[in-house]
Amino acid sequence: MNSHFKNCENCGNVFIPANLRQRFCNPDCRHENYYELNKDKFKQRSIEHYNNNKELRKEWQEENKEKIREYQKEYYLNNKEEFVKLDKKRYLENKDTIRERQREYYLENRDTFSEYNKRYSLENKKYISKYNKIYYLKNKERIRKQQQEYRQKMKNTYLIKR
Ligand SMILES: [Zn+2]
């Protein structure tokens, strides 16, 4: 074994040290090792830094609320298509999961939903019937025509079938 060779203390690679004190094969390994050894200290420092600036950040956000909102709005408008596309993609990718979750949620809360619907229609009985009446009056002609068309269609289907 040649005593000129050493194993890097970080990556384990064999290297030829330039001097006896060299422990790592290259500066990256030295930095990496230093970071590994002081990870907790770095993390602690960044948390402290974050906490120290929390108040300042809040203040700044409060002062620039309008500007930030405007910027976000503009950013959204400029990238609207991208956002819509992304939303759509996300939805399509998770369609089954989303549907399944909605179904599960509905099933789990079916009693609550039906209870809610019942109460809602009871509480708004007058309003609903009034609304229906108004809706019917407003759309009388259209509804009548629709019904007529529907009857005609059924009749035709029936005639054809016979
Ligand atoms: Zn190394």
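The pLDDT is the predictor's confidence in each residue, on a scale from 0 to 100. The structure described here is a predicted model. Its protein chain averages a pLDDT of 88, and 96% of the residues score at least 70.

The secondary structure of the protein chain consists of eight helices and two strands. In sequence order, these elements follow the pattern β-β-α-α-α-α-α-α-α-α.

The overall dimensions of the chain were considered next. Along the principal axes, the C-alpha atoms of the protein chain fill a box of roughly 100 × 55 × 40 Å. Burial and contacts were computed for the same chain. Of its 162 residues, 1% count as buried. Among contacts with a separation of 6 or more in the protein chain, 3% are between residues 24 or more positions apart.

Helix α2 (residues 39–63) has 25 residues, which should span 36 Å at 1.5 Å a residue. The end C-alpha atoms of α2 are 35 Å apart, in agreement with that expectation. Helix α2 also contains a kink of about 45°, centred on K54. None of the 25 residues of α2 is buried, and the helix is hardly covered.

Helix α6 (residues 110–123) comprises 14 residues and reaches 20 Å from its first C-alpha to its last, close to the expected 20 Å. The number of buried residues in α6 is zero, and this helix is likewise hardly covered. Helix α7 (residues 125–138) also has 14 residues, and the distance from its first C-alpha to its last is 20 Å, close to the 20 Å expected at 1.5 Å a residue. Because zero of the 14 residues of α7 are buried, this helix lies largely in the open.

E108 is found in helix α5 (residues 95–108). A residue is exposed if 12 or fewer other C-beta atoms lie within 10 Å of its own; E108 has 10 such neighbours and therefore counts as exposed. E108 and Q72 are 36 residues apart along the chain, and their C-alpha atoms are separated by 37 Å.

E9 is placed in the loop between β1 (6–7) and β2. A residue counts as partly exposed when its number of neighbours falls between the limit of 12 for exposed residues and the limit of 20 for buried ones. E9 has 13 C-beta neighbours inside 10 Å and so counts as partly exposed. Apart from its neighbours within four places in sequence, E9 is in contact with R23, F24 and N33. The C-alpha atoms of E9 and L86 are separated by 45 Å; these two residues are 77 residues apart along the chain.

Key: Residues numbered from 1 in each chain as written. Predicted model: local features only at pLDDT ≥ 70, side-chain atom pairs only at ≥ 80, totals over all residues. Helix = DSSP H or I, 4+ residues; strand = E, 2+ residues; numbered from the N terminus. Contact = placed C-beta atoms within 7 Å. Expected span 1.5 Å × (residues − 1). Bend = angle between axes of the 7 residues up to and from the residue.
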